[in-house]
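Here is a short tour for anyone who likes to see the geometry spelled out. Have a look at the structure first, and then we can walk through it together.

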Amino acid sequence: MSELIYAYDPVIELKRLLNRIEHDKIFVITDSNVRRLFFKDGGSDIGNFLDSITDKIITFTAGEINKNINTVCDIWGSLSCGGATRKSLVINFGGGVTTDMGSFAASTFKRGVGYINIPTTLLSIVDASVGGKTGIDFSGLKNEIGTFAFPKVTMVCTQFLKTLPTRQVLSGMGEVVKMSMLRSRDCYMSIIKDFEPTDDIIRKCIEWKLEITAADPRESGLRKLLNFGHTAGHAFESILTDRGKDSISHGACVAHGIMVALILSHMLLKMPSSLIYEYKTAILSNYSAVNLTCKDRDLIMEKIAHDKKNSGNEMKLVLLRDIAQPVFDVSVSRVDLESALDIYLMNDF
């Protein structure tokens, strides 16, 4: 397992970390947006510090569409040309794409080099940077290729959230909402009243995820709960990314995927229907539509059929009996899933 540090001053904390973590070289992986924001034109304190200590800053073009094997090959090439060894240290500095893909590159280069995650977005702070999952998209499927590999340290600095546009905050809130629905009615009700990522809620979400991943690091049971909303959400995201519509975020797709899961929860587990309408009004109304129609249903089903969580031809989903009463490995028939998707796509709820 890995260490979690909450940092008010990321430079001071990173200096302390590097003094006690053995390494020969340091490589920073980041995307073009973070590179421009934190490193260029005088940069920031953390950017200037990373620039001063790193042997190479490896930058890829920002966007989910670039979270693929070609970009990873470029990262591997940069590590190799820079003389990285198994004693080298990778620092992933950025959002969810960076921590997912940078962690995958580090975990596979020379069969694994140590890495630190420094997330800069709400999505990465509460989800992508913690838990030890790495991944890239492949053949139009979200996170189809990946490893289980924990970072040495994840350093959380909520001050970075001040740099985020609204779209990125909403993306992170999709995962915050997911976790609150799984674990705490009080937390969920708090979010319904004030749709904001407070430091307290952020810490709770991180701690809940770490509790689950510590108990089930390789997703053999309890950890499957974290896939709530992701079955349909990943399908939506894959289709829209394939169509070049990178403006819709992962968290927004998860928020819409949760609606499909809630419809199924009512159908199969008798979850109160009032939760569907409450979620639509208080949560989903904050997000733009995914611009998919009933004509896309078969394509959505095709994407879902490739979901890693399925067992053979049997579709397995995480559903709710009520808030904070999740059930994983619920068998869902094709007919029921198609019905739920029809209801969602026709906005018939």
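A324 is partly exposed, with a relative accessible area of 32%; buried means under 20%, exposed over 50% and partly exposed in between, with a 1.4 Å probe and protein chains only. The model is a predicted one, in which local features need pLDDT of at least 70, side-chain atom pairs count only at pLDDT 80 or more, and totals for chains, interfaces and linings use all residues. Residues are numbered from 1 along each chain as its sequence is written, and side-chain values use heavy atoms, with hydrogens and water left out.

A324 sits in the loop between β9 (315-322) and β10 (325-332); helices (H or I, at least four residues) and strands (E, at least two) are DSSP runs numbered from the N terminus. D329 belongs to strand β10. Here are the two residues side by side.

| Residue | Phi | Relative accessible area |
|---|---|---|
| A324 | near 70° | 32% |
| D329 | near 60° | 29% |

Both phi values are positive in a residue other than glycine.

Now to the sheet. Six strands make an open, parallel sheet in the order β1-β8-β5-β4-β2-β3, where strands pair if DSSP finds at least two bridges between them. At the edges are β1 (3-6) and β3 (56-60), each pairing on one side only. From one strand to the next, the twist averages 20°; axes are lines fitted to C-alpha atoms, for helices over the stretch in contact, and angles run from 0 to 180 degrees between N-to-C directions. Helix α5 (residues 96-108) packs on the sheet and touches β2 (26-31), β3, β4 and β5, contact being heavy atoms within 4.5 Å. The direction of α5 makes about 165° with that of β4.

The structure also holds seven aromatic pairs; rings of Phe, Tyr and Trp (its six-membered ring) pair if their centres lie within 6.5 Å, with planes under 30 degrees apart counted as stacked, over 60 as edge-to-face and the rest as tilted. How are the planes of F38 and F160 arranged? They stand at 85° with the ring centres 5.5 Å apart, so the pair is edge-to-face. F38 in helix α2 (residues 32-38) and F160 in the loop between β8 and α7 (166-183) are 122 residues apart, and both are buried. The rings of F236 and Y344 have centres 5.4 Å apart and planes at 15°, so this pair is stacked.
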